[in-house]
Amino acid sequence: MKVRVRFAPSPTGYLHIGGARTALFNWLYARHTGGKFILRIEDTDAARNSREAVEVILQGLRWLGLDWDEGPLTGEVTGPYKGDFGPYFQSQRQLQYQQRVEALLSKGLAYEKEGAIRFKMTREPILIRDLVVGDVLRPLTDREEADPDFVIQRSDGQPVFHLVNVIDDLEMNITHVIRGEDHLSNTTKHLALFKAFGVPAPHYAHIPLILNSDGTKMSKRDRGAALNTYWEEGFLPEAVINYLCLLGWSPKDNREKIPLQEAVDRFDLIQILRHNARFDYEKLLWLQGEYARELTDDRFYELAVAAFTRAGYDTRSCPLDYLKAALDTCRGKFRLFSELPNYAGFYFKDTLEYDPVAAAKEFTPDNKTRLQLLLQNLTSLNPFPAAEVEAKLKSTAAQLGVKVGVLVHPTRLALTGQSSGPSLYHLMEVLGRERTLVRLEKALARF
RNA sequence: GACCCUAUGGUCUAGCGGUUAGGACACCUCCCUUUCACGGAGGUAGCCCGGGUUCGAUUCCCGGUAGGGUCGCCA
């Protein structure tokens, strides 16, 4: 039988990083097996339902490159979708749920109480055969012992999660349910429902959760919990995907950087680890740097401009040659695109603010004399290529009898306002003779 | 409270009935260098605890501890 897996998020207004990994593992398994990856929106709770909330999920998956074979095409609940098992919004499948509830009632497997419909739950322990966790025999808890049955339809007529989840998996012919381990205990309910419907249950694979770096549960407000913050901060989707692959799964060959296609080739459910993983932002950043260095020029420019725009810079109004030359000096020097405006904003500003700590250290009487000489020597340089600038800077240092660094640091501060940045000689070439001289003069006035 | 899952450096992990327990991130030192970053060379740091099985347990079993999860007319 062809593998059919699904990712079934609830539209809560954001896509949790753990949810993203669940989607990724489902997607990997579908692509690995040549099966189908289905997106289904669990919007049974009308209060949470909004088009925007669904769009957040769709955008997140699209950004990561996790394309779905069946599911909604827009966030509109009654909108277009692809696949033969739709609609893919639970709110649009009320009829199916009604019929199933009727069936259970007529078979005596469910009953009404105080307006709600309750399912007659088995009293016996249920065996869960999990592909990741192994065989789990789960008896009832003490509370369940006291009242084992559970509500499948609220008194207002709305079906409840456990019910709709099972019915949809059943009717969409889902073969493998890959979901967070937080559902492991609930699986007995689902197994009992499948049995009541007289159909075999899908295979289950409960994957461990992602925790905060301090080991606590990652909730909505925790740093890094919402997927959209990653693209807002300038992360690359390939870095995020790669990192997520590494949480709970390993290619087992001591490599960390895994091309997606290779993950697809090698992924399997039984290799998934059984313990929770803590989210390590630093390691994600490292992978980000790895991928950032490999970007094509065009993509690099595009992401860089987006970052500047987001930070309020109008880079589009400056000459393309200048823009590209400026960005070229930044390649490989930073990891997150959100760092870029601070790193290289000096290219696009008329007035610099000097880092006060660096200014106190570099804008000294001794350095004033030195920069004045440098300014004088540079004035004669025209044109202004990096190699010539470098030679001039070094000869000036020699003339002053100081190491090059002594001259470099105040010069960098004068030209960029900062104590670190792109290669000084190259950024001077990009700024050009005029800007460089003006900035040196302005800085000298501050001494 | 009951039930379930889990346990290799700070973090992600590889691994095994006998290994100098491997890799990566982070951290520290040094080299390279105009700063930063990259790169290169080193380094600190680990099998949760207690029993049992065994000639021998990090590895298998049991117990404890710790962490996580579930027990909703939330999903």
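Contact here means heavy atoms within 4.5 Å. With that in hand, welcome to a short tour of this predicted model. Two places are worth a visit: the packing of helix H15 against helix H17, and an open sheet of 3 strands with helix H3 lying across it.

**Where H15 meets H17**

- Helix H15 covers residues 365–379 and helix H17 covers residues 404–416.
- Their axes are 10 Å apart, and the two helices pack at an angle of about 80°.
- Angles from 65 to 115 degrees count as roughly perpendicular, and H15 and H17 therefore fall into that class.
- On the H15 side, the residues that take part are Asn367, Arg370, Leu371 and Leu374.
- Facing them from H17 are Val406, Leu407, Pro410, Thr411 and Ala414.

**The open sheet**

- Its 3 strands follow the order E5-E6-E9, and the pairing is antiparallel.
- Strand E5 (110–113) and strand E9 (150–153) form the edges, each pairing on one side only.
- From one strand to the next, the twist averages 45°.
- Strand E6 spans residues 116–119 and is joined to E9 by 3 bridges, the two strands running antiparallel.

- Helix H3, made of residues 94–106, lies across E5, E6 and E9.
- Relative to E5, helix H3 runs at about 100°.

Terms used: Residues are numbered from 1 along each chain as its sequence is written. Chains are lettered from A and ligands numbered from 1 in the order in which they are written. This is a predicted model: local features need pLDDT of at least 70, side-chain atom pairs count only at pLDDT 80 or more; totals for chains, interfaces and linings use all residues. Side-chain values use heavy atoms; hydrogens and water are left out. Axes are lines fitted to C-alpha atoms, for helices over the stretch in contact, and angles run from 0 to 180 degrees between N-to-C directions. Helices (H or I, at least four residues) and strands (E, at least two) are DSSP runs, numbered from the N terminus. Angles under 35 degrees count as roughly parallel, over 145 as roughly antiparallel, 65 to 115 as roughly perpendicular and the rest as oblique. Two strands pair if DSSP finds at least two bridges between them.
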